[in-house]
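This briefing concerns the ligand and metal sites of one model. Please view the sequence and the structure together.

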Amino acid sequence: MFTIFRLWLLEKYAKKYDIPIMQKDGIQFLTNFIKDNNIKNILEIGTAIGYSAIKMALVDNDINIISIERDEERYNKAVKNIKKFKLNNRIKLIKDDAFNVELDEKFDLIFIDAAKAQSIKFFNKFSKNLNKSKYIITDNLKFHGLVESNEKFSKNLRQLIKKIKDYIEFLKENKEFETIFYDVGDGISISKKR
Ligand code: SAH
Ligand code: MG
């Protein structure tokens, strides 16, 4: 079967079961960045069903990825999907909460796309695994447009939005990284280690 058709099936599956995979223009932006910056090893926090990991691995056949997912059902689905694309030699999946995972490897890119309220913690935990002058990319800084909205939300949602705003402030103030924010997909930041 053709790769493009298989990817389309993943997108359709995600839509049907409400799995928040990256948006079309967001994933395009991310894969272009990987290509343009010759990125070869990637840590992803938040695999879901493997869509973004597969897209990133398809950029070049010497790219290696470690991706962490805590949800058993999604992890199992991701394992199957990655096998279908014959990428299981280049995408290593870890089924655990990212906060329990200790890695020694260093990466050129850390892609944070997990629990949106925890981004500061993920950033601080894994920035030691980043090679010098390399990148941390974070998805969903707009959170479906809610971060910039003036609507009244439930308490839980307000707290989540506040956490995302705190993360944006954290990035702006961070002296060790220089961050650029992109209004693409659901809002993406690229932080470069100084
Ligand atoms: N990157 C994927 C989408 C990930 S959706 C893509 O674009 O294709 C976010 C995922 O992060 C969810 O499946 C959720 O279970 C997982 N997640 C959230 N918090 C996590 C944590 N602390 N550790 C591991 N996985 C987590
Ligand atoms: Mg996302």
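The model is predicted: local features need pLDDT of at least 70, side-chain atom pairs count only at pLDDT 80 or more, and totals for chains, interfaces and linings use all residues. Residues are numbered from 1 along each chain as its sequence is written, chains are lettered from A and ligands numbered from 1 in the order in which they are written, and side-chain values use heavy atoms, without hydrogens and water.

**Shell of ligand 1**
- Around ligand 1 there are 21 residues (a heavy atom within 4 Å), and Gly46, Ser52, Glu69, Arg74 and Asp113 come nearest.
- The shell comprises ten nonpolar, three polar and eight charged residues.
- Helix 3 (51-57) and strand 2 (64-69) each contribute at least two shell residues; both are DSSP runs (helices H or I, at least four residues; strands E, at least two).

**Polar contacts and cover**
- The side chain of Ser52 places an N or O atom 2.9 Å from a nitrogen atom of ligand 1.
- Oxygen atoms of ligand 1 lie 2.6 Å from a polar side-chain atom of Glu69 and 2.8 Å from a side-chain N or O atom of Arg74.
- On its own, ligand 1 has 580 Å² of accessible area, of which the protein covers 94% (Shrake-Rupley method, 1.4 Å probe).

**Magnesium site**
- Asp113 (OD), Asp139 (OD) and Asn140 (OD1) coordinate the magnesium ion (ligand 2) at 2.1 Å; donors are N, O and S atoms within 2.8 Å of the metal (3.2 Å for Na, K and Ca), and water is not among the atoms, so sites may look incomplete.
- Asp113, in the loop between strand 4 (107-112) and helix 5 (119-126), and Asp139, in the loop between strand 5 (130-138) and helix 6 (155-173), are 26 residues apart and link distant parts of the chain.

Terms used: Polar contact = N/O pair within 3.5 Å; in protein donor to acceptor, adjacent residues only side chain to side chain. Nonpolar A, V, L, I, M, F, W, Y, C, P; charged D, E, K, R; others polar.
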